[in-house]
Amino acid sequence: MSVTVELVTVMLACARIGAIHSVIFAGFSAESLADRIIDANCVVLVTSDGAFRAKKFLPLKSIADSALNICKQMNHKMMACIVNPHLNLNGNDINDVLNNNIENKCGINWDSNVDILWTDVMTNVCDYCEPEWMGAEDPLFILYTSGSTGKPKGIVHTIGGYLLYSYITFKYVFNYTDGDVFFSTADLGWITGHTFNVYGSLANGCSIVLFEGTPTHPNPGHIWHIIDKWRVNAFNTAPTLIRSLMKFGDHYVKQYSRQTLKVLGTAGEPINPEAWLWFWEVVGDRRCPVVDNYWQTETGGPMLTCLPAATPMKPGSATLPFFGVIPAILNSEGRELEGPAVGQLVMKNPWPGIARTIDGKHQLYEMTYFQKFRGYYCTGDGVQRDADGYYWMTGRNDDTLNVSGHLLSTVEVETAVVEHRAVSEAAAVSAPHPIKGQCIHVFVVLNNGFEMTADLELDIKRRVRNKIGALADPDVIHAVSSFPKIKSGKIMRRILTKVAQNDRQLGDTSTMADELIVEQLFNTRGIKSY
């Protein structure tokens with residue numbers, strides 16, 4: 001589902017009756033949706049007839065139908081698919097559409113053995129639902145995040161610890177006081193949407209503004225219009241959106257007062273100082289603290305964060321640990337570094353919001369987060385600590401891509417690419433992007449008889465979109481004769497990253513099997529689509 005009141009209703013209804021929910025980002029493909037349904041052993045799917053992002057129609061019901069067909073082929077049976085008539089089908093009654101009395105312009109198919117209309121269910125619902133009493137360590141939800149294994153990981157958060165941590169981090173990160181109105185552009189399919197948009201804010205009794213659509217439609221001032229209209233006090237968004245709005249200039253911001261704003265928040269990826277300063281100076285009129293916070297799906301809430309009017313700000317820094325959080329920086333051998341340092345970010349002790357397991361794969365959970373450095377929680381992120389003890393995030397250490405604040409697995413992208421009949425090998429890396437922060441570059445070795453053309457490039461991208469979703473669409477595809485590899489055959493991804501970034505400072509290449517390939521790589525760089 002897209003970001004709607006009904007989606008929040010479903011989340012809270014599940015919590016009230018003791019059911020485990022798993023919210024799936026509306027931009028994912030049918031295959032990605034089916035993978036998650038099967039992995040979590042889901043029995044009910046709730047979706048909408050469709051949604052619009054600006055003028056683009058998202059056929060959510062059709063995607064759901066395709067996903068359920070895949071589930072059926074895999075012998076996974078669903079009890080029901082509840083359909084919310086979100087679009088109201090251009091003002092038409094959905095029952096008339098289903099009975100073919102009106103042309104079905106949105107392509108809604110109906111299977112009476114599975115599909116149930118939301119409005120039909122709601123006609124017989126009581127006003128009060130007795131809550132199911134649960135244990136503090138019972139699961140609240142499963143949320144999927146991509147990892148270096150290529151398969152999405154179902155992160156499990158529990159009732160007591162997660163709710164406590166979401167409540168307390170929201171309260172202090174945004175300096176919540178009674179009567180405040182909170183607005184975040186985060187999709188509810190991601191952890192920020194869960195913690196800030198729903199559980200943390202509502203646990204504090206905060207009024208929330210939900211945002212569906214795109215920030216530049218119908219014009220680039222849409223966000224600031226919403227802030228003025230609903231008298232928003234705390235606004236939270238991602239660096240990607242800040243950069244995308246910056247390019248339209250200050251005019252669209254300054255035509256609105258924004259006088260109710262007290263706090264500005266940003267999370268999801270490191271923010272560059274230029275975007276931070278624009279956010280603070282133009283959006284916040286240099287009077288609203290900018291709280292940049294670092295966290296993960298697995299942490300449940302912010303781990304490093306500025307506290308408004310309490311923490312001296314540094315543009316681009318996630319600043320200092322939240323209450324009770326004890327971070328450390330390790331080198332590649334696992335030795336803890338003191339003072340100013342650069343290395344791998346770990347946590348030295350647990351906190352209430354820590355994920356309890358990966359659904360059905362507890363051994364993988366232990367291996368992923370605790371085995372690499374015994375006695376520490378390993379974030380998988382690189383970090384720098386300055387002389388003042390402030391933390392600056394430097395990016396992922398493992399094979400994941402952070403695109404517009406969304407983590408994707410390199411293996412997942414590569415698997416989709418090599419399934420194309422023209423591709424023999426593929427390797428995905430990231431490179432800086434002026435809007436997204438990072439974008440995806442895919443290097444491919446083509447099979448004999450194929451050559452890279454504009455049509456082939458579009459076809460490969462189309463396959464990735466269909467397999468994973470639009471957010472995984474490669475920005476650049478490089479056709480190369482071979483990859484830089486060590487003598488054992490392992491691809492040297494850091495060299496491909498250097499090529500994608502057009503950086504010839506390669507470091508040590510003594511282990512490379514064929515150093516001549518490097519110059520060929522730089523001479524066959526792909527064409528940027530941005």
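Biologist: What should I know about the model before we start?
Modeller: The model is predicted, so local features need pLDDT of at least 70 and side-chain atom pairs count only at pLDDT 80 or more, while totals for chains, interfaces and linings use all residues. Residues are numbered from 1 along each chain as its sequence is written, and side-chain values use heavy atoms, with hydrogens and water left out.

Biologist: How many aromatic pairs are there in the whole structure?
Modeller: The search finds 29. Rings of Phe, Tyr and Trp (its six-membered ring) pair if their centres lie within 6.5 Å; planes under 30 degrees apart count as stacked, over 60 as edge-to-face and the rest as tilted.

Biologist: Why is the pair of Phe-25 and Trp-190 tilted?
Modeller: Their planes are at 40 degrees, with the centres 5.2 Å apart, so the pair counts as tilted. Phe-25 is in the loop between α1 (5-17) and α2 (30-39) and Trp-190 in the loop between β8 (181-184) and α8 (191-203), so the pair ties together parts 165 residues apart in sequence. Helices (H or I, at least four residues) and strands (E, at least two) are DSSP runs, numbered from the N terminus.

Biologist: Buried or exposed, those two?
Modeller: Both Phe-25 and Trp-190 are buried. Buried means under 20% relative accessible area, exposed over 50%, partly exposed in between (1.4 Å probe, protein chains only).

Biologist: And what about Phe-174 and Phe-196?
Modeller: Their ring centres are 4.9 Å apart and the planes at 80 degrees, so that pair is edge-to-face.

Biologist: New topic. How many residues of α10 are buried?
Modeller: In helix α10 (residues 239-246), 7 of 8 are buried, among them Arg-243.

Biologist: What do they pack against?
Modeller: The buried residues of α10 pack against several elements, including α9 (222-229), β10 (234-237) and α12 (273-283). Contact means heavy atoms within 4.5 Å.

Biologist: Which strands are joined to β17?
Modeller: Strand β15 (residues 327-330) is joined to β17 by 4 bridges, running antiparallel, and β19 (residues 377-385) by 6 bridges, also antiparallel. Two strands pair if DSSP finds at least two bridges between them.

Biologist: Which residues stand opposite each other there?
Modeller: Leu-330 stands opposite Gln-344 in β17, and Met-347 opposite Tyr-377 in β19. As for burial, β17 (residues 341-347) is mostly covered, with 6 of its 7 residues buried.
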